[in-house]
Amino acid sequence: MFTGIVEEVGTVAQSGTRMKVLCRTVLADAYPGSSVAVNGTCLTAVEIDPDGFWMDLSPETLARTNLGELRTGSLVNLERPLAVGDRLSGHIVQGHVDGTAEFLALQALEDGNWWLQIRLPPELDRYTIRKGSIAIDGISLTVAALDHGTLSFAIIPHTYENTNLREREPGHRVNIEVDMIAKYVEKLTTLSV
């Protein structure tokens with residue numbers, strides 16, 4: 001389980017079905033078998049090097065996420081799993097990506113903040129509400145506005161500077177994990193008694 005608070009931005013050193021990410025912070029207590037969220041996708045560190053870690057990407061992971069589109073030099077958001085007793089600064093994020101959304105725009109505002117817009121696939125739109133939580137590439141964000149599948153978010157300078165949002169361009173795909181509670185509510189309300 002994760003919180004959507006990115007600890008570090010890593011750099012892809014090798015892409016493909018066996019990927020290496022260069023990093024420092026998330027290596028502090030890592031060991032082979034550790035979980036690491038990479039762009040919001042819970043992955044297993046299968047090998048640890050002094051400068052990063054290796055992971056294997058399954059066909060399911062490649063089909064459901066944007067990880068197969070990464071190339072050498074791509075920036076990725078990294079987060080270690082939540083430890084028992086930690087503060088939950090973001091929201092409950094499982095690292096189970098529901099799908100991808102289209103990155104539409106990230107516009108600078110006069111006050112140093114940014115305005116992010118993405119387009120969700122129709123099957124995920126029903127899980128979003130204004131002021132609800134969503135994870136975009138593993139970043140816990142609050143929905144500021146909804147307009148028929150287009151979601152908008154206010155991005156503070158800290159988030160812009162400490163995540164991979166700064167390298168995103170219109171048309172890029174971003175990983176989406178909708179609020180887990182919304183999925184459970186839907187399931188419970190559709191069960192026949």
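## The seven-stranded sheet

In this predicted model, seven strands form an open sheet with antiparallel pairing, in the order β11-β10-β14-β8-β9-β13-β12. Its edge strands, β11 (139–142) and β12 (145–147), each pair on one side only. On average, neighbouring strands of the sheet are turned by 35° against each other, direction ignored; the axes behind such angles are lines fitted to C-alpha atoms. Strands (E, at least two residues) and helices (H or I, at least four) are DSSP runs numbered from the N terminus. Two strands count as paired if DSSP finds at least two bridges between them.

The model is predicted, so local features need pLDDT of at least 70 and side-chain atom pairs pLDDT 80 or more, while totals for chains, interfaces and linings use all residues.
|---|---|---|
| β8 (99–108) and β14 (173–178) | four bridges | Gly99 and Ile176 |
| β8 and β9 (114–119) | six bridges | Gln107 and Trp115 |

## Pro121

Pro121 lies in the loop between β9 and α2 (122–125). Pro121 counts as buried because its relative accessibility is 17%, the cut-off for buried being under 20% relative accessible area with a 1.4 Å probe and protein chains only. Apart from neighbours within four places in sequence, Pro121 is in contact (heavy atoms within 4.5 Å) with Thr100 and Ala101. The C-alpha atoms of Pro121 and Thr150 are separated by 9.3 Å, the two residues being 29 residues apart along the chain.

Notes: Residues are numbered from 1 along each chain as its sequence is written. Side-chain values use heavy atoms; hydrogens and water are left out. Buried means under 20% relative accessible area, exposed over 50%, partly exposed in between (1.4 Å probe, protein chains only). Axes are lines fitted to C-alpha atoms, for helices over the stretch in contact, and angles run from 0 to 180 degrees between N-to-C directions.
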